[in-house]
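Subject: Structure handover

Hi,

Here is the structure we talked about. My notes follow below it.

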Amino acid sequence: RQRVVEDLSVGYKLGYARAGARQGLAYYPPKQQRPDLEQKLWYVDSADGQLWSAPEVVDQEGDTGRSPSLAFDPSGRPAIAYYRCRSQYDPNENDCEIGKDALKFAVKGAVWDKVVVRAEGSVYDGLYTSLAFDRDGFPAIAYQAVFFDASANEVVNQLVVARSRAP
């Protein structure tokens, strides 16, 4: 057993991927009285599973990085699908804001390139993400969307798959 990230509880929100000997870990630290660490998406990787990189921030826009799913694309670049809970960081708030949340995707080139995949005003978009690449190298993200159906007077949970036409 090896401790990958020192002095940090990474909590229950982790994304792990492996490609050959290379390993990556995406994580969202829980609240721990350390605003410099919490409520943002982090990434570390290792070429051999023994020596790990220093943690780097992938995204820190608002309360972001929940439910990360990590995969390596066909070129070997790490990519992460994740949930942004709210567009503004608030250390005293745990609830997500409908209409200010989003499903996001990041891939590492020279820097982390980030895009909003879906952010619909009346839907919680991007819960419980799962990322994979198809045989052509295009990303696909399965996730949960939740909304209130007024005509049926009920909360609806949908499984949604978002696919890209560009790698």
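What share of the contacts in the protein with a separation of 6 or more comes from residues 24 or more positions apart? The figure is 42%, with contact meaning heavy atoms within 4.5 Å.

Some ground rules. This is a predicted model, where local features need pLDDT of at least 70, side-chain atom pairs count only at pLDDT 80 or more, and totals for chains, interfaces and linings use all residues. Residues are numbered from 1 along each chain as its sequence is written, and side-chain values use heavy atoms, without hydrogens or water.

Overall fold: the protein has 11 strands and 0 helices (DSSP runs numbered from the N terminus: E, at least two residues, for strands; H or I, at least four, for helices). Of its 167 residues, 43% are buried (under 20% relative accessible area, 1.4 Å probe, protein chains only).

Cores: the largest nonpolar core has 13 residues (buried Ala, Val, Leu, Ile, Met, Phe, Trp, Tyr and Cys joined through side-chain atoms within 4.5 Å). Strands S6 (78–86), S7 (102–108), S10 (139–149) and S11 (154–163) each supply at least two of its residues. Another core lies apart from it, with 11 residues, including Leu41 and Ala106.

Lys104 counts as buried because its relative accessibility is 3%. Its side chain makes a polar contact with the side chain of Asp59 at 2.6 Å (N or O atoms within 3.5 Å, one able to donate a hydrogen and the other to accept it; sequence-adjacent residues count only if both atoms are side-chain atoms). Beyond four places in sequence, Lys104 also touches Glu61, Tyr82 and Val116, among others.

Best wishes

Conventions. Buried means under 20% relative accessible area, exposed over 50%, partly exposed in between (1.4 Å probe, protein chains only).
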